[in-house]
Structure formats: structure tokens, C-alpha cells
Amino acid sequence: MARRARGKIVTLLGRRRDNRRKTSARRRGMIVVAVAAAAATAAVLLTWGSLLPGIARAAAGALFESSYFSAAEIQVRGSDRIRGNEIVALAGLQPGVNLWEIDLEAIERKVAKHPWVRRVSVRREFPGRVVIEVEEREPKAIVAIGRLYYVDADGVVFKEVGPEESVSFPMLTGLAREELRGGGPDVRRRIRDALRLSELMTERSRTLSEIHFDAPDRLVVYTTALPLALHVGSGDWEAKLERLDRVLSLWKGNEEKLISLDASFRDQVVARLRRASR
């Protein structure tokens with residue numbers, strides 16, 4: 001089941017019925033429901049009777065053909081980036097469709113194909129409303145594989161970055177297109193690890209410009225403020241960042257003399273220095 005979606009509520013196809021029509025429609029609906037209930041009860045009582053198929057068809061027909069159950073509203077909830085009418089078009093819903101005819105799972109499958117959609121749930125609210133709740137993906141980084149693609153917190157590469165879309169996210173480089181094409185659990189785990197490292201760096205007020213996958217489990221980090229590479233290997237991030245912070249505090253003001261710091265070794269940081277210019 002989808003999490004409760006955030007964002008605005010968009011109501012489409014809304015049309016108010018005046019009170020008389022509403023009351024009349026409600027009465028018709030009650031009559032339809034009563035007929036359907038009576039038919040269903042009769043069907044149960046006449047399980048072995050020859051009238052059962054005809055009664056069942058009549059009950060179903062009363063429900064499916066009644067205008068009382070026509071969709072007067074379609075609400076799209078939780079979509080900020082995707083327009084409500086775009087979601088409705090994807091769902092294939094038409095004005096006035098009978099609520100009993102709607103295939104909820106089929107609509108969820110259609111809407112879920114939109115790259116920004118992480119989760120979606122669809123439900124009927126009787127007598128005349130369909131609600132589509134959407135949880136959108138949030139980009140956490142950008143993967144560079146010839147072109148730029150957004151990646152979310154699950155490690156899923158979900159969309160090519162458009163010309164007008166933001167690129168203010170850490171860049172993930174060094175991943176092979178073949179690895180990402182399959183989108184298997186291993187590559188998603190590696191991306192999630194890199195995103196966790198990015199979060200920890202942000203907590204330490206260091207803004208990342210790039211995380212490079214030097215080898216399957218060897219990450220190299222570049223910040224926007226330091227002119228050097230930070231090798232951090234894999235895992236045990238907090239201890240490694242702590243060691244790097246201690247070394248960087250010793251080199252404060254002289255960072256340009258460093259080519260790189262390597263914290264992937266246990267309990268030590270290896271510094272590589274630039275050659276002094278003559």
C-alpha cells in the first residue's frame with residue numbers, strides 16, 4: 001500500500017449537481033442498491049434454482065448501468081511535479097465512467113510507468129469519486145553515463161535530466177552503463193551506500209560535487225571547497241570521515257599542497273603531496 005502522499009490535491013472533471021438532481025440521483029441510487037441487494041439475496045436463496053443466472057445478470061446490470069455511480073470527480077493527490085491531468089490521461093479515465101467498471105490495479109500499473117511515480121494507489125469513493133494517490137520520486141544524485149540521469153534514495157536510476165531541470169545534486173561517476181541497465185540489487189546497494197556517504201558529508205558541512213566509483217567498492221569523493229581527492233574505500237564511513245577531518249584540520253590553509261588523502265586504510269590516512277614548483 002502506498003504511503004500517504006504529500007503535495008497538493010488536484011480535482012478534475014468536477015461538476016456540481018444541484019440539490020434536486022442530487023436528491024433525485026441519491027434516490028435512484030438507493031433504489032438501485034436496494035434492487036441489487038434484493039437480487040443478491042434472492043440469488044443466495046435460490047442457489048439451486050434455475051433463476052440464479054438471470055438474477056445475477058440483472059443485479060450486475062443495475063449496478064454497472066446506473067448513472068448514480070458515474071464518476072463526477074477524479075482527484076489526484078500528492079503530485080507536485082506531475083500535472084493532475086497528465087496522471088488522469090495516463091490512467092485512461094473518462095468523464096462519467098461507472099465506478100464499478102474501473103479496474104484499480106490496471107490503472108495503478110499504467111500510472112506507475114511515469115518516471116516520477118514511486119508509488120501509486122487508486123480507490124473508489126462512492127458514489128461518484130475516484131482518488132489517485134501518488135508518491136513521487138525525489139532525486140538525490142545524478143548519474144553520469146554519457147547523459148545525465150536522476151537517481152533516488154532507493155538507488156533507482158529513473159529519469160534523464162531534462163534541459164530545464166535542476167542539476168544541483170552530487171554527481172555519481174564511474175558506473176558502467178551495462179551495470180545500470182539491469183538495475184539489479186547490487187548496483188542499487190552501491191548507489192545507496194554512496195548516497196549515505198553524501199548525507200554524512202553534508203552533516204559535516206561539506207558539499208559534494210562528485211562521488212567516483214573507482215572500483216566496485218572503492219569510492220573517491222570530491223568536494224566543492226577542497227582541491228583534492230578524498231579516497232574513502234567502502235563502509236565504516238563515520239570513522240573514516242572523522243580521521244579525514246582531523247588530518248584536514250592540520251592542513252587547514254595549505255590544502256592546495258595535497259593531491260589526495262586516502263582514508264581507506266585502517267586507522268590511518270595517507271597523504272599525497274604535490275611536487276613543489278621550482
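Biologist: Through how many residues does the hairpin join β3 to β4?
Modeller: This is a predicted model in which local features need pLDDT of at least 70, side-chain atom pairs count only at pLDDT 80 or more, and totals for chains, interfaces and linings use all residues. Residues are numbered from 1 along each chain as its sequence is written, and side-chain values use heavy atoms, with hydrogens and water left out. Strand β3 (residues 117-125) runs antiparallel to β4, with eight bridges joining them; strands are DSSP runs of E with at least two residues, helices are runs of H or I with at least four, and both are numbered from the N terminus. The hairpin that joins β3 to β4 passes through three residues.

Biologist: In which sense do β2 and β4 pair?
Modeller: Two strands pair if DSSP finds at least two bridges between them. I74 stands opposite V130 in β4. Over five bridges, strand β2 (residues 73-77) and β4 pair in a sense that is parallel.

Biologist: How many of the eight residues of β4 are buried?
Modeller: Buried means under 20% relative accessible area, exposed over 50%, and partly exposed in between, for a 1.4 Å probe and protein chains only. β4 is largely enclosed by the rest of the structure, because the number of its eight residues that are buried is seven.

Biologist: How are α3 and α4 oriented to each other, and what is the handedness of their crossing?
Modeller: The axes of helix α3 (residues 84-91) and helix α4 (residues 104-112) come within 8 Å and cross at roughly 125 degrees; axes are lines fitted to C-alpha atoms, for helices over the stretch in contact, and angles run from 0 to 180 degrees between N-to-C directions. Angles under 35 degrees count as roughly parallel, over 145 as roughly antiparallel, 65 to 115 as roughly perpendicular and the rest as oblique, and a crossing is right-handed if the near helix is turned clockwise from the far one by less than a right angle, left-handed if anticlockwise. The two helices are therefore oblique to each other, and their crossing is right-handed.

Biologist: Which residues of α3 and α4 make the contact?
Modeller: On α4, the contact is made by I107, K110 and V111. On α3, it is made by I87, L90 and A91.

Notes
Contact means heavy atoms within 4.5 Å.
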